[in-house]
Amino acid sequence: MGVSGSIYRQLQKISGKLYVTREKEELLCYSYDATGSSFLPDVIVFPGSEKEIIQILKLASKERLIVVPRGAGSGMTGGAVPVKGGLVMVTSRMNKIFDIDENNFLVRVQPGVIVSDIHRRVEEKGLFYPPDPASSSVCTIGGNVGECAGGPRAVKYGVTRDYVLGLRAVLPSGEVIQTGVSTAKGVAGYDLTRLIVGSEGTLAVVTEITLKLLPKPEMIKTMAVFFDSMQKAAKTIAGIMKEATIPRCVEYLDESCLDLVKDTLSFGLPKDIKAMLILELDGNVSSVEKDADKIKRLCYSHDALDVLVAKDQTQAQKLWDARKALSPVLYKIAKNKINEDIVVPIDKIPDMVHVIQEIQKTSGLKVVSFGHAGDGNIHCNIMYNKADEDELERAEKAVDKLFNSTLDLGGTITGEHGVGMTKLKYLEREIGATQIELMKGIKKVFDPQNILNPDKIFH
């Protein structure tokens with residue numbers, strides 16, 4: 001519908017001329033996310049306060065103007081892409097860490113705070129915020145709340161929703177709600193906090209987040225385990241998870257991944273390597289040392305080629321740098337990728353590995369997999385050239401096969417990236433029409449005019 005001169009001037013009055021733009025170059029910068037799909041918005045606004053967000057949403061509600069909340073745009077399913085144009089609301093200016101409450105293990109933050117800044121600030125005080133997505137150096141906590149982000153530590157510590165105690169948020173009408181508590185427990189009424197976490201900006205615009213913290217672990221030990229087959233690595237993961245010890249991370253990289261990152265590692269890889277696990281243990285010194293010995297023995301009993309224990313923090317960081325660099329370096333293989341974050345039960349990981357290998361054979365496309373194997377979350381990357389119609393068709397058929405096999409194994413089509421627009425057509429396969437209708441009803445209560453991030457999750 002576009003934005004009239006009158007609405008544009010009103011937006012400038014709310015947030016200041018410096019923070020409102022409809023210059024074509026700026027619109028292009030906020031038209032896409034990590035999916036690469038692009039839809040041009042009509043205007044970008046960078047609000048600096050909750051008060052401004054209230055006024056913007058009141059204006060949008062009155063004028064029936066679409067509003068798409070956005071953090072850093074690092075999402076993988078098009079959640080922040082303005083598929084119907086309208087106003088993109090970027091929260092980057094709202095980046096204050098209000099206070100870190102060391103006595104009650106809490107931190108209050110605005111949505112535009114970069115996640116790695118939260119990690120750094122709380123760790124300086126001997127505290128710990130576990131969720132650690134691969135994009136933590138650039139993604140915002142507001143985006144993490146919108147998508148219910150996870151990361152490698154989720155196997156032991158859970159995901160974003162497990163740490164959000166309360167929220168302040170603005171409804172599309174401009175009304176403010178405060179949800180949740182600042183205490184360890186609280187069961188007063190429906191859990192609106194958890195409803196908003198993971199709602200992908202379709203219900204309300206979050207303006208303040210209260211996060212639960214933990215004591216910082218006394219010791220962290222990082223290990224790399226090498227195998228000559230992906231199946232052996234997958235069976236080892238199931239074996240580790242059966243032990244009384246739960247590592248805080250169990251990541252796996254397949255052979256294609258290792259070819260891409262081997263130059264960034266600080267050690268040579270064993271001959272015939274087809275898979276690598278990155279394991280991380282934390283806790284007090286004596287328990288970590290004991291658990292590391294137990295896991296080392298278990299890995300060798302599952303025919304590991306070798307087990308390397310990082311000798312210092314620098315070597316451990318090299319392992320994680322290689323893991324976190326994987327997503328961008330995949331473009332060395334092909335121009336485009338479809339990155340799906342499926343999850344299967346832990347004991348079904350070997351079956352899923354077999355499915356992925358079959359998809360690679362039948363599609364004729366390179367399929368690269370890595371992920372948070374400790375909780376069954378596999379990032380499956382189908383590499384292709386979308387300008388080639390034949391490759392595009394094969395890639396889409398590969399996604400159908402991947403999702404159908406995932407659901408057949410009792411899994412889910414998304415573990416942490418959300419549904420956004422890219423998985424929208426697959427959601428009913430997983431949850432059914434009745435649940436979709438319930439969700440549409442909830443959306444209508446929060447957003448009767450359907451102005452907040454429409455055409456995400458469902459139509």
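Residues are numbered from 1 along each chain as its sequence is written. Because the model is predicted, local features need pLDDT of at least 70 and side-chain atom pairs count only at pLDDT 80 or more, whereas totals for chains, interfaces and linings use all residues, and side-chain values use heavy atoms, with hydrogens and water left out.

**Stop 1: Asp254**

Select Asp254 in strand β13, residues 249–254 (strands are DSSP runs of E, at least two residues; helices are runs of H or I, at least four; both are numbered from the N terminus). Asp254 is buried (under 20% relative accessible area; exposed is over 50%, partly exposed in between; 1.4 Å probe, protein chains only). Asp254 has no salt bridge (a side-chain nitrogen of Lys or Arg within 4 Å of a carboxyl oxygen of Asp or Glu). The nearest side chain of opposite charge, Lys366, is 7.7 Å away (Lys and Arg count as positive, Asp and Glu as negative; His and the chain ends are not counted). Display next the backbone nitrogens that the Asp254 side chain reaches: that of Ser369 at 2.8 Å and that of Cys257 at 3.0 Å.

**Stop 2: helices α8 and α10**

Select residues 230–242 (α8) and 285–301 (α10), which pack at an angle of about 145 degrees with their axes 10 Å apart (axes are lines fitted to C-alpha atoms over the stretch in contact; angles run from 0 to 180 degrees between N-to-C directions). Thr236, Gly239 and Ile240 of α8 make the contact with Ile295, Leu298 and Cys299 of α10 (heavy atoms within 4.5 Å).

Centre on Thr236, which is buried, with a relative accessible area of 0%. Its side chain reaches the backbone oxygen of Lys232 at 2.7 Å.

**Stop 3: salt bridges**

The whole structure holds 24 salt bridges. Select Asp99 and Arg108, whose closest N and O atoms are 2.8 Å apart. Asp99 is partly exposed at 31% relative accessibility, and Arg108 is likewise partly exposed at 30%.

Move to helix α14 (residues 389–408), where Lys397 and Glu393 lie four residues apart, about one turn of the helix. Their side chains form a salt bridge, 3.4 Å from N to O. Lys397 is exposed at 53%, while Glu393 is partly exposed at 44%.

Finally, select Lys156, Arg248, Glu280 and Asp282, which are linked in a network of salt bridges.

Notes
A polar contact is a pair of N or O atoms within 3.5 Å; within protein, one must be able to donate a hydrogen and the other to accept it, and residues adjacent in sequence count only if both atoms are side-chain atoms.
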